[in-house]
Each structure stands twice: as C-alpha cells, then as structure tokens.
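Here is a short briefing for a first look at this model. Please keep the sequence and the 3D view side by side as you read.

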Amino acid sequence: TDVEVLKNTHEATFFYVLRPATDRMGFLCAEVETKEPQELPPGQARFYVDGVLMGESPFAFNGDKGRFYLGQDPRVTATMRDLKREAGTQGFLSKENTVVWHWEIEVRNARSYAVNIQVEDPAPNPAADVFSIKLESKPVPESVLTDPLQGGRKIYRWSMELKPGASSVIDHQVTVSGPSDKPFEPGRGTR
C-alpha cells in the first residue's frame with residue numbers, strides 16, 4: 001500500500017535534452033527553482049507532467065535549484081548521420097596526425113506543440129595539450145561546457161525551439177590535429 005508522506009508542487013521549466021551520439025530519443029527535463037531552499041530526504045518519487053505519470057525513480061533535493069530527468073520521449077528525436085570520418089598523417093618534414101569527423105544531426109519534434117531543445121555532443125578529449133581542435137558547425141554551438149554528469153567532460157550544446165511537426169539540421173564537423181609522435185585514439189563512432 002502506498003502512503004503519501006509529502007506532496008510538493010513547484011513551477012518548472014520544461015525542455016528536452018538530446019544526445020544523438022548515444023540515443024536518438026530526447027529526455028524530458030524540468031528545471032525547478034524554489035523561493036526558499038528546501039531539503040527533501042532521498043526516497044522514491046513519482047513524476048507527473050500534465051497529470052500523466054512519466055516515471056518513478058530515486059529522488060533527493062537540497063537547495064533552491066534542481067534539474068530532473070523525467071523520461072524519454074519517442075516524439076522528440078535527433079538522428080546523427082556520419083558524412084565523413086578520416087584519420088591520417090600529413091606533412092613531409094614535420095608529420096602531423098589529423099582526424100576529421102563530419103556529421104549531420106537532424107532534430108525532429110513530432111509533438112502537437114512547440115518544444116525547447118538542447119542538443120549535446122561530446123567534444124574531443126585529447127590527452128595532450130599539443131593537439132588543436134577546429135570546430136566547423138552550422139549553426140555554431142551556443143556553448144562548450146563541462147558536464148559533471150558526464151565525468152567533467154566537455155560538451156558542445158545547441159539550444160533551439162522547434163514548432164509542432166518541425167525539424168532542424170545541424171551540420172557538425174570537428175578536426176583534431178597534433179604531432180605524429182603523440183598518440184591520439186579517435187575512438188568515436190555514431191548511432
């Protein structure tokens with residue numbers, strides 16, 4: 001038998017996070033900011049959006065801000081297609097390793113209302129500072145940030161609003177270059 005211990009309702013800003021390198025479906029997220037800091041002990045929580053149960057998961061909240069991942073939505077998607085992937089060595093006297101990735105990311109909203117979307121893709125993470133990274137993406141990511149949920153890894157982020165039934169395309173190309181005597185493992189594919 002379920003016993004309701006605490007019911008807490010707050011206004012939230014909803015948006016979708018899409019990470020097409022790992023999954024095509026978007027995650028519905030909510031950001032909550034409370035007027036006063038709150039401390040809610042860890043436990044199971046049920047998440048409802050417009051009266052519909054989105055899921056149940058462990059939950060804790062301490063402070064006045066939080067981001068919550070509510071579940072996947074098959075109607076908001078991003079498909080990443082490989083256009084080019086090359087690796088090679090160039091130069092006659094001073095050899096240089098170069099790796100080029102080029103993708104097309106198609107973002108779709110099959111919902112009947114407009115949605116706010118954040119598309120995220122991991123930035124290259126060369127082990128040595130001697131590597132240069134050249135980004136040629138249209139549109140250009142709005143930010144390169146460090147994501148604690150991805151182990152402190154740097155990610156590119158694009159934000160957009162898509163109208164009902166609309167789609168948008170990101171042309172995303174990254175080139176990594178460095179000395180041939182420094183190992184660099186490209187190790188990156190697509191879904």
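Leaving aside neighbours within four places in sequence, V119 is in contact (heavy atoms within 4.5 Å) with L18, P20, I105, V107, Y156, R157, W158, M160 and I170. This is a predicted model: local features need pLDDT of at least 70, side-chain atom pairs count only at pLDDT 80 or more, and totals for chains, interfaces and linings use all residues. Residues are numbered from 1 along each chain as its sequence is written, and side-chain values use heavy atoms, with hydrogens and water left out.

**Nonpolar core**

- The largest nonpolar core has 34 residues, and V107, I117, V119 and M160 touch the most other members.
- Such a core is a set of buried Ala, Val, Leu, Ile, Met, Phe, Trp, Tyr and Cys residues joined through side-chain atoms within 4.5 Å.
- Buried means under 20% relative accessible area, exposed means over 50%, and partly exposed is in between (1.4 Å probe, protein chains only).
- At least two residues of this core come from each of β1 (12-18), β2 (25-49), β3 (52-90), β4 (96-109), β5 (115-122), β8 (153-162) and β9 (167-179).
- Strands here are DSSP runs (E, at least two residues), numbered from the N terminus.

**Strand pairing**

- Strands β4 and β9 pair in the antiparallel sense over 13 bridges.
- Two strands pair if DSSP finds at least two bridges between them.
- In the β4 and β9 pairing, N97 stands opposite G178 in β9.
- Strand β6 (residues 132-138) also pairs with β9 in the antiparallel sense, over 7 bridges.
- K134 stands opposite T175 in β9.

**Salt bridges**

- Side chains of opposite charge can pair when their charged atoms come close.
- The whole structure holds 9 salt bridges (a side-chain nitrogen of Lys or Arg within 4 Å of a carboxyl oxygen of Asp or Glu).
- One of them joins the side chains of E31 and R67, at 3.1 Å from N to O.
- E31 lies in strand β2 and R67 in strand β3, so this pair ties together parts that are 36 residues apart in sequence.
- E31 is partly exposed at 35% relative accessibility, and R67 is partly exposed at 28%.
- The side chains of R111 and D73 meet in a salt bridge at 2.6 Å, N to O.
- That pair links distant parts of the chain: R111 sits in the loop between β4 and β5, D73 in strand β3, 38 residues apart.
- R111 counts as buried at 15% relative accessibility, and D73 is buried with a relative accessible area of 4%.
- E104 forms a salt bridge with R81, and the closest N and O atoms are 3.2 Å apart.
- E104 lies in strand β4 and R81 in strand β3, so the pair ties together parts that are 23 residues apart in sequence.
- E104 is partly exposed at 25% relative accessibility, and R81 is partly exposed at 45%.

**Aromatic pairs**

- The count comes to 4 aromatic pairs.
- Rings of Phe, Tyr and Trp (its six-membered ring) pair if their centres lie within 6.5 Å; planes under 30 degrees apart count as stacked, over 60 as edge-to-face and the rest as tilted.
- The ring centres of F59 and F68 are 5.2 Å apart and the planes stand at 40°, so this pair is tilted.
- F61 and F68 also form a tilted pair, with 5.9 Å centre to centre and 40° between the planes.
- Both F59 and F68 are buried, and F61 is buried too.
- F59, F61 and F68 form one aromatic cluster.

How values were computed
Helices (H or I, at least four residues) and strands (E, at least two) are DSSP runs, numbered from the N terminus.
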